Amino acid sequence: MTDEQRVEEFKRAVQSGRKVEAGDWMPDEYRQRLIRFIEMHANSEIMGALPERDWILRAPTLQRKLAVTAKIQDEVGHAQLLYRLVEDLGKPREQIFADLISGKSKFHNVFHYPTRSWGDVGIIAWLVDAAAVISQSALLKSSYAPYARTMRRICWEEAFHLKHGEDIVLTAMMGTAKQRTMMQEALERWWEPLMMFYGPPTPPEQDKDLAWAIKSRPNEDLRQDFLTKYVPRIREIGLRIPDPKLRFDESTGRWVYSEIDWDKLVAVARGNGPASQQRLGFRRLSYEETAWVREAITGGAELVA
């Protein structure tokens, strides 16, 4: 059997449902795609802790402060689980962080934006986490078994985060006119990043992560699921979605929405979002200030060598 035949046989196997373990043979393209996909997921979890971190001290009650703190702790824990998977695939932790803080590797577009009010915290925890739950649930069927197993725990905890955010939004919507306005303004800031969340509607036959069964559903299917589930809920509580063209087309069974500026998404993901450099700067400073901890644990470069 030639190398090409072996790769094709592997691809057919994962497409038919075979699960791959870390110690199994795998084509180099599959390994590199796994590293890129899971590394971005891990980066998004650890960078995703920063927008809400700014609101721990400003949360309106002690209960809310504790809940936001617990959520941030969970997100960082998710990152640690995912980084271990990337390490198992062959990329050292030091290189992972070097690539993150230098801007070489990517993190999710929604974490390149600032949080301007408590309303943003509620919308992120409710709708960004809702979008994440839909996306991550599809990863439970990933062909890479360690990733699929890790997603079970992450999905379980993200579901709690979603309920936490829903409670923040509902409480505000049942409050004063000022609180309702705060939530409406937050939704208007976050709607465009939410619509970009799943990425461009790449045709399934051109999506190589689908071809390797690293993910199980096309981007546009995930976006349609999000709209079907959350547009009615958003409207039910009195929030207005800032898209005049948004409607459900009965003839196609699909949601129609305003054209998305995919060039803007690419620019944001490359580190040109309104809060990209601030977030990377904070993560860079944090990494530098904790260097002594890593050295104390490893015994320093001389002992490691």
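**Exercise 1.** Describe the contact of H7 with H8.

*Solution.* Ile168, Val169, Ala172 and Met173 in H7 meet Gln179, Arg180 and Met183 in H8, where contact means heavy atoms within 4.5 Å. The model is predicted, so local features need pLDDT of at least 70 and side-chain atom pairs count only at pLDDT 80 or more, while totals for chains, interfaces and linings use all residues. Residues are numbered from 1 along each chain as its sequence is written, and side-chain values use heavy atoms, with hydrogens and water left out.

Step 1: sort the residues. The contact of H7 with H8 holds 5 nonpolar residues, 1 polar and 1 charged. Nonpolar covers Ala, Val, Leu, Ile, Met, Phe, Trp, Tyr, Cys and Pro; charged covers Asp, Glu, Lys and Arg; the others, Gly among them, are polar.

Step 2: place the helices. H7 spans residues 145–173 and H8 residues 177–196. Helices are DSSP runs (H or I, at least four residues), numbered from the N terminus.

Step 3: take distance and angle. The two axes come within 7 Å and cross at roughly 135°. Axes are lines fitted to C-alpha atoms over the stretch in contact, and angles run from 0 to 180 degrees between N-to-C directions. H7 is therefore oblique to H8 (under 35 degrees is roughly parallel, over 145 roughly antiparallel, 65 to 115 roughly perpendicular, the rest oblique).

**Exercise 2.** Which parts does the salt bridge of Asp209 with Arg36 tie together?

*Solution.* Step 1: check the pair. The closest N and O atoms of Asp209 and Arg36 are 2.9 Å apart; a salt bridge needs a side-chain nitrogen of Lys or Arg within 4 Å of a carboxyl oxygen of Asp or Glu.

Step 2: locate both residues. Asp209 lies in H9 (residues 208–211) and Arg36 in H2 (residues 28–47), so the pair ties together parts 173 residues apart in sequence.

Step 3: read the accessibility. Asp209 is buried at 7% relative accessibility, and Arg36 is partly exposed at 41% (buried is under 20% relative accessible area, exposed over 50%, partly exposed in between; 1.4 Å probe, protein chains only).

Step 4: widen the view. A network of salt bridges links Asp209 and Arg36 with Glu29 and Arg33.

**Exercise 3.** Is Asp120, the partner of Arg189 in a salt bridge, buried or exposed?

*Solution.* Step 1: N and O of Arg189 and Asp120 are 2.5 Å apart at their closest.

Step 2: Arg189 is in H8 and Asp120 in H6 (residues 118–138), so parts 69 residues apart in sequence are tied together.

Step 3: Asp120 is buried, with a relative accessible area of 0%, whereas Arg189 is partly exposed at 30%.

How values were computed: Helices (H or I, at least four residues) and strands (E, at least two) are DSSP runs, numbered from the N terminus.
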